[in-house]
Structure formats: structure tokens, C-alpha cells
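Dear colleague,

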Amino acid sequence: EGRFRELSADELKLSYRSSLLPQGAIITKAVFRLNEGGRDEILEKMKLADARRKKTQPLDVPSAGSVFKNPPGGHAGEIIDELGLKGMSVGDAQVSQRHANFIVNTGQARARDVLELMRKIEEAVFNNKGIRLEREIKLAGSFDI
């Protein structure tokens, strides 16, 4: 609507991947209240979280990040992996061998390659599991496919 509003956390009803923010809203400022903790304890938690991400996600190559939201009762990456789609590619866009819900760039992947690969994954999952994957990635621009 082109106007600024200040909302509290309670008004936003923030939770994992949801809020009462209207579609298209843009957050321009946020204030966080953090819990106090011991320096060593916090550093250890950060180290463990970083190690877990490095072990399970393809952080060493360019990627489109997590591509699909987890459907109710399942994990998108596990479903894609079950269908044997790890390594599937369109151009230089490839389903990651490390985590099937990531699309990585193995060279000169274009946005249209990533989009076409996403469509192929969606089709395979729907045809084999009857599940419509919801994209976590928001598309911007135009693609010639």
C-alpha cells in the first residue's frame, strides 16, 4: 500500500515460514531481543550448527539454496533422493549429491536451467508420489524456456 507501519512480534504472529505479513510486504527495519548467554556456550552452539550445515549442505559450491518447502509429514530432500534424482541436471544446474533439496551450479548454469530442473523435479515427485512440492525460491524476472 506504499505506507510504513510499525508492528510488534505479537502482531506479526511470527513462526517457522509464516507470519501475518501481507503478500509483498517489505521489512525495512527490525529490532531483536536476544537471550543472554555465556560466551563459550554460544560459541560451541555456533560451531556445532556450522559443522552440521557443512556436513549436510553443499556450501562449497554456488547453489540456489533450499529449493522446496518440506511437505506435510515429510522432507523434500528425502523425497527427491528416494526418486534417485541426485545428480540430475539441466545444463550446469544439478541436484546436489550432498542434499537433494539443493540445486548447485557445476559451471555456467543459467536461471532458466535451474527453473527447468525445478520443473522436472516437481513433475517427477508428483507423478511418483502424488505430492505437489511448493517452491521455497521466489522467481523474479523472465525466463525463456
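Which residue lies over the face of Phe 126, and at what distance from the ring centre? Arg 132 does, at 4.0 Å from the ring centre, where a charge counts as sitting over a ring if NZ of Lys or CZ of Arg is within 6 Å of the ring centre and within 35 degrees of the ring normal.

Please note that this is a predicted model, in which local features need pLDDT of at least 70 and side-chain atom pairs count only at pLDDT 80 or more, while totals for chains, interfaces and linings use all residues. Residues are numbered from 1 along each chain as its sequence is written, and side-chain values use heavy atoms, with hydrogens and water left out.

Salt bridges come next. With a salt bridge taken as a side-chain nitrogen of Lys or Arg within 4 Å of a carboxyl oxygen of Asp or Glu, the count comes to eight. One of them joins Lys 69 to Glu 134, with the closest N and O atoms 3.0 Å apart. This pair links distant parts of the chain, since Lys 69 is in the loop between strand S1 (63-66) and helix H3 (76-82), whereas Glu 134 is in the segment after helix H4 (111-129), 65 residues apart; helices (H or I, at least four residues) and strands (E, at least two) are DSSP runs, numbered from the N terminus.

Another salt bridge brings together Arg 135 and Glu 122 at 2.6 Å, N to O, and this pair too links distant parts of the chain, with Arg 135 in the segment after H4 and Glu 122 in helix H4, 13 residues apart. Glu 122 is buried, at a relative accessible area of 17%, whereas Arg 135 is partly exposed at 23% (buried means under 20% relative accessible area, exposed over 50%, partly exposed in between, with a 1.4 Å probe and protein chains only).

Finally, Asn 101 belongs to the loop between strand S3 (93-95) and strand S4 (102-105), and it counts as buried at 3% relative accessibility. Its side chain makes a polar contact with the side chain of Ser 66 at 3.1 Å, and the Asn 101 side chain also reaches the backbone oxygen of Phe 68 at 2.8 Å. A polar contact here is a pair of N or O atoms within 3.5 Å; within protein, one must be able to donate a hydrogen and the other to accept it, and residues adjacent in sequence count only if both atoms are side-chain atoms.
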